[in-house]
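Dear colleague,

Please find below the structure that I am handing over to you. My notes on what was found in it follow directly after.

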Amino acid sequence: MTQGAAKRTVRVVAALIPQPGDDSRFLVQQRLPGGSRGLLWEFPGGKVEPGESEPEALARECREELDVRLLVGRRLWAGRHEYSDLTVELVLYIARLESGEPKTLGANALAWLTPAEMLALPFCEADIPPLEDLVAGRLGPLG
Ligand SMILES: Nc1nc2c([nH]c(=O)n2[C@@H]2O[C@H](COP(=O)(O)OP(=O)(O)OP(=O)(O)O)[C@@H](O)[C@H]2O)c(=O)[nH]1
């Protein structure tokens, strides 16, 4: 970053989506190579646009990036992470697939993984605290 340039802050909404028929696994995606945090893993979602609620932003991102419809549930976790290029205010929701099979439209790869399997992957740093809470059962009921 150029000295003196302001670091951007973005509000990012992400979804914990249980696999239909197997509530122990959740959908994760690998970011495309080349860009910021290229090839790291993350939860589906993206930036909240002006005028959107968090659930609206989450439903839109998952429609655009995965071609699925979501039923967005409870807000599970919120926190802030400072990357060298960006400050991310991350909010995690539980969400169910209403229709559609996730497609790799905006990601390098998709996978249905257990929380322990996720912790073994190179994940975006902002996701580590909620992942650790998920593994420890600290996010509360996911139903
Ligand atoms: N979707 C998503 N983004 C996350 C997660 N964790 C995390 O740090 N992020 C960061 O939050 C930002 C989300 O932006 P985005 O999904 O619209 O991705 P993008 O590549 O278009 O954004 P960019 O232009 O900042 O690189 C990215 O910088 C991404 O690295 C997560 O779990 N899900």
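Helices (H or I, at least four residues) and strands (E, at least two) are DSSP runs, numbered from the N terminus. With that in mind, Asp67 sits in the loop between helix 1 and strand 6. The model is a predicted one, in which local features need pLDDT of at least 70, side-chain atom pairs count only at pLDDT 80 or more, and totals for chains, interfaces and linings use all residues. Residue numbers start from 1 along each chain as its sequence is written.

The phi of Asp67 is near 60°, a positive value in a residue other than glycine. Leu39, which is not a glycine either, has a positive phi of about 70°, and its place is the loop between strand 3 and strand 4 (41–42). For comparison, most residues other than glycine have a negative phi. Burial is judged by counting other C-beta atoms, placed from the backbone, within 10 Å of a residue's own: 20 or more is buried, 12 or fewer is exposed, and in between is partly exposed. Leu39 counts as partly exposed because it has 13 C-beta neighbours inside 10 Å; Asp67 counts as partly exposed with 15.

Helix 3 covers residues 128–135, and its residues Pro130, Leu131 and Leu134 are buried. They lie on the same side of helix 3 because they cover an arc of only 105° around the axis, the arc being that of the directions from the helix axis to the C-beta atoms. The buried residues of helix 3 pack against strand 6 (69–82), strand 7 and helix 2 (115–119); here, contact means that two C-beta atoms, placed from the backbone, lie within 7 Å. Gly137, with a positive phi near 75°, follows helix 3.

A nonpolar core is a set of buried Ala, Val, Leu, Ile, Met, Phe, Trp, Tyr and Cys residues joined through C-beta atoms within 7 Å. The largest one has 33 residues, and Leu58, Leu70 and Leu92 are among those with the most contacts inside it. Two or more residues come from each of strand 1, strand 3 (22–30), helix 1 (54–66), strand 6, strand 7 and helix 3. Strand 7 gives the most, with six residues. Beyond its neighbours within four places in sequence, Leu92 is in contact with Ala14, Leu16, Phe43, Leu76, Trp77 and Pro130.

Yours sincerely
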